[in-house]
There are 2 protein chains.
Amino acid sequence: MTSQAPPTKRPQKRPHNRIESRRENERTILSAAEKVFAEAGFGGATMQLIADVAGLPKANLHYYFATKEELYRRVVQDIFEIWLHAADSFDNAPDPATGIGAYIDTKMEISRRHPNGSKVWASEVMHGAPVIQDYLENTLRDWTDGRIRVIQGWIDAGKMAPINPRHLLYMLWATTQHYADFGHQVETLNGGKPLSEADWQAAKHNVKQIILRGISAV
Amino acid sequence: MTSQAPPTKRPQKRPHNRIESRRENERTILSAAEKVFAEAGFGGATMQLIADVAGLPKANLHYYFATKEELYRRVVQDIFEIWLHAADSFDNAPDPATGIGAYIDTKMEISRRHPNGSKVWASEVMHGAPVIQDYLENTLRDWTDGRIRVIQGWIDAGKMAPINPRHLLYMLWATTQHYADFGHQVETLNGGKPLSEADWQAAKHNVKQIILRGISAV
DNA sequence: AATTTTCTTGACCGGTTGGTCAGATTGTGG
DNA sequence: CCACAATCTGACCAACCGGTCAAGAAAATT
């Protein structure tokens, strides 16, 4: 752009104050790290590659995140937050069809919008959760126990079949996250093309249909 | 053992002929590699660690498998074979309850007996299937198309609800493999103890119950 | 028993990795 | 405008990794 600069006092590009710049850089790095960790795994990812994707010198990454482990930990923690918030769809639902249906919708949407995050999470758990074991043992366990109580309440109220609530949760996690974690396989079997909007709707509909009918909630 | 050797001509330890020794070593290495790849991922695994687990010098690994990639490829291929053979439960079944029920049983058993293999497979696919993309595009696609035809046949014959066969297959894969790939999470939520025989039966029963009822096959 | 082939292994090598650091640059408060 | 602190970065390093190799040990062949 060779046009003259506007007469406003701000330089046309960036305000570059400290706190904004810091937040912006951290976000850029975390986003790049999520992608690289998802594609290569923790061991296969390199700080140099993350730096390249982020468009920053490698040494700059170490200014914001002291070690590779620290950066990885932050990525996993951020994903876990999103994961937990999906529970909001579950609560205050009057019946299983509403609550579980909304939960499936939300988790499918997460698989669609945050496939990299889901992969990093899956990889972390698959490798024995070396950095978030405490989350599993505390936060996730409490969360799970709470949801089991909700489901058991629905069963006791005769609103759904007496299935095992814990294993139902596993099924919900497995079926929804499959579309993120195994997205490459799904895409390959879809003729090598990403799922279309209609495909996603069909997947979502199908999962809800089978599970809700499977627990006699409809 | 200070007792005298038995009078039979064979030395009490090993026959050490060439072909047996080779097969034995290959099996030891592949088993160790499967474990290490499952726990650390391809990038995180080291030939030295695999050698230590196998109880062999690292240089010996390279005698049987030229490169890390070649060893990894063999591990993944072996798993894929097991995976495909699970389809036998599917074929020649008169109705969906029998066929899909048996398939779930078989795949749950694979998750139980070969959790490491399942993890390596999951990891490979999650990272974009860099070494087995051709399997996905040919063998797996054909397999999938065949099973879809079987399911569609059942639907057309009015033996089950008109769900989307492709997405049903994804559900079957996701729910059964979850117990292997996310076994650590399941174990943690199970109080840190491995699933008991009863737990496995409950899991299997629950998956079959929900899915078979979900597709109106019972 | 001699010889050839297969197998085993410690030592070694070039390349890569996570991480460091000193010095340059930039924003901020006085 | 100055001084100080925060930010940025090229150059560097020790550790580690996959892979090689030559020489020895063991089995098969003659």
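In the predicted model described here, the C-alpha centres of domain 1 of chain A and domain 2 of chain A are 28 Å apart. Domain 1 spans residues 18-66 of chain A and domain 2 spans 77-214, with bounds that come from an automatic or database domain assignment. Contact (heavy atoms within 4.5 Å) joins 5 residues of domain 1 of chain A to 6 residues of domain 2 of chain A. Between them the two domains bury about 450 Å², 62% of it on carbon and sulfur atoms; buried area is the accessible area (1.4 Å probe) that two parts lose on being put together, summed over both. Of the area that domain 1 of chain A buries against domain 2 of chain A, 72% is supplied by Leu30(A), Glu34(A) and Ala38(A), more than by any other three residues.

Residues are numbered from 1 along each chain as its sequence is written, and chains are lettered from A and ligands numbered from 1 in the order in which they are written. Because the model is predicted, local features need pLDDT of at least 70 and side-chain atom pairs count only at pLDDT 80 or more, while totals for chains, interfaces and linings use all residues; side-chain values use heavy atoms, with hydrogens and water left out.

Chain A is superposed on chain B by a rotation of 180° with 0.0 Å of shift along its axis, at an RMSD of 0.1 Å; the superposition is by least squares on the C-alpha atoms of residues with pLDDT of at least 70 in both copies. The two copies are therefore related as by a two-fold rotation axis. The same surface serves both copies, as 100% of the contact residues of chain A recur in chain B. Gly214(A) is the residue of chain A whose C-alpha comes closest to the rotation axis, at 1.8 Å.

DNA strand C is surrounded by 20 residues, the closest being Lys58(A), Lys68(A), Ala59(B), Tyr63(B) and Tyr64(B); a residue is near a strand if one of its heavy atoms lies within 4 Å of it. Sugar and phosphate make up 58% of the atoms of DNA strand C that come within 4 Å of the protein. Polar contacts are pairs of N or O atoms within 3.5 Å; within protein, one must be able to donate a hydrogen and the other to accept it, and residues adjacent in sequence count only if both atoms are side-chain atoms. Phosphate oxygens of DNA strand C lie 2.5 Å from a side-chain N or O atom of Tyr63(B), 3.2 Å from a polar side-chain atom of Asn25(B) and 3.1 Å from a polar backbone atom of Ala45(A). Two or more residues each come from α3 (58-64) and α4 (68-85) of chain A and from α1 (18-44) and α3 (58-64) of chain B; helices (H or I, at least four residues) and strands (E, at least two) are DSSP runs, numbered from the N terminus. The element that gives the most to this surface is α3(B), with 4 residues.

Around DNA strand D there are 21 residues, of which Ala59(A), Tyr63(A), Tyr64(A), Lys58(B) and Lys68(B) come nearest.
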